[in-house]
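Open the model in your viewer and keep the selection tool at hand. Each stop below says what to select and what is there.

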Amino acid sequence: MAQLVAGLARRWCPSPLQVINFPVVQLHMSLMAMRASQKDFENAMNQVKLLNKDPGNEVKLKLYALYKQATEGPCNTPKPGAFNLISKAKWDAWSALGSLPKETARQNYVDLVSSLSSSSKSSDQVEPGADRKPPGYETLVVTSEDGITKIMLNRPTKKNAMNRQMYHEIMLALEAASKDDSPITVITGNGDYYSSGNDLTNFTDIPSGGVEEKAKNSAILLRNFVGCFIDFPKPLVAVVNGPAVGISVTTLGLFDAVYSTDRATFHTPFSQLGQSPEGCSSYTFPRIMSPSKATEMLIFGKKLTAREACAQGLVTEVFPDSTFQKEVWTRLKTYAKLPPNALRISKEVIRNKEKEKLHAINAEECSVLQERWLSDECMNAVMDFLSRKAKL
């Protein structure tokens, strides 16, 4: 499965483009539009090569399908086998166009490339400072003010999905925060989401050692990532500004306080994706909310509202969305005035008894996940998820 989207960039247009994340752009088709000429089509293909940013795998699938439809007509090749993941995703995208005429496909390709070019230009005209990040961080904004180090997940157009770079940068930011002068560290999200969890395109960057090496490296990364939360020495607070999914939910059991807006939801769809719990949640969640409630969430994938998560002990307190930011940060600034050594030592007294156990659980969860990632069940589930997204 890990190869699913890695190969999409190879034929989304005649030349590949380095993969960078970019917001998905809707395909708008105008019935009144003039038919694109062959020259327009060729210009569009050249224009794709000049895009500043990669439009993402979903749009590349559309580009690939429209290109094939415009040049060869309706899909005329046999459907690839279920485990030929890259070819199957491309075939599905092309086949989904049915009997769309070549001329219409050509026009739609030109229209889509035009919208991508317009979006690319507009993205370079954001408000001053809106996308400014401190040196060293591409997926985070890290600030220290009023005794609080704030680590803000900053991929809002991707719903703050965690790619490999974000995993590494969060670890670096936590390491730096553990040594700075701020008494409290906060993790929050930029935009409407706290985090949509693991970026499933993480499955597609396959090293020369193949999927086995990929699974092994991913398990090591996850173990180290969760270990940073287990070992963090200061009070660690989650300010959940919107929906949270997957790893952004499971690690909440390792935070010292979790404050949530009332519009947030908490979802761990591991079974749906053929995977298993992570972030020490196999241990922390049953202790926090009872084994049966943890089963509903971790195994059956029940999505909790903020109020339900609070009632079950996962969330410390829920605030109205209209006053969420003001109320939470006012409270945290008050807490940050408490004696810093007392805060650190008190956390150590509360948490240290379980550190060794949590590290052992983290290692076991990562070992199980490494096996799951290599299973046919997981590969098929993730492939199905990505294929469904590509058809939206």
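Start by selecting strand 2, helix 5 (residues 164–179) and strand 3: together they form a right-handed β-α-β unit. Right-handed means that, with the strands pointing away from the viewer, the path from the first strand over the helix to the second runs clockwise. Helices (H or I, at least four residues) and strands (E, at least two) are DSSP runs, numbered from the N terminus.

This is a predicted model, in which local features need pLDDT of at least 70 and side-chain atom pairs count only at pLDDT 80 or more, while totals for chains, interfaces and linings use all residues. Residues are numbered from 1 along each chain as its sequence is written, and side-chain values use heavy atoms, with hydrogens and water left out.

**Strand 3 and its neighbours**

Two strands count as paired if DSSP finds at least two bridges between them. Thr 149 has Thr 185 in strand 3 as its bridge partner.

Why is strand 3 described as largely enclosed by the rest of the structure? Six of its six residues are buried, where buried means under 20% relative accessible area, exposed over 50%, and partly exposed in between (1.4 Å probe, protein chains only). In a regular strand the side chains alternate between the two faces of the sheet. On one side of strand 3, select Ile 184, Val 186 and Thr 188; on the other, Thr 185, Ile 187 and Gly 189.

**Ser 195**

Move on to the loop between strand 3 (184–189) and helix 6 (210–231), and select Ser 195. Is Ser 195 buried or exposed? Ser 195 is buried, because its relative accessible area is 0%. A polar atom of its side chain lies 3.0 Å from the backbone nitrogen of Gly 197. Leaving out residues up to four places away in sequence, Ser 195 touches several others (heavy atoms within 4.5 Å), including Leu 153, Lys 159, Pro 243 and Ser 248.

**Helix 12**

Last, select helix 12 (residues 340–373), which has 34 residues. Its end C-alpha atoms are only 42 Å apart, short of the 50 Å that a straight helix would reach at 1.5 Å a residue. The expected span is 1.5 Å times one less than the number of residues. Centre on Arg 351, where helix 12 bends by about 50 degrees; the bend is the angle between axes fitted to the seven residues ending there and the seven starting there.

Technical notes. A polar contact is a pair of N or O atoms within 3.5 Å; within protein, one must be able to donate a hydrogen and the other to accept it, and residues adjacent in sequence count only if both atoms are side-chain atoms.
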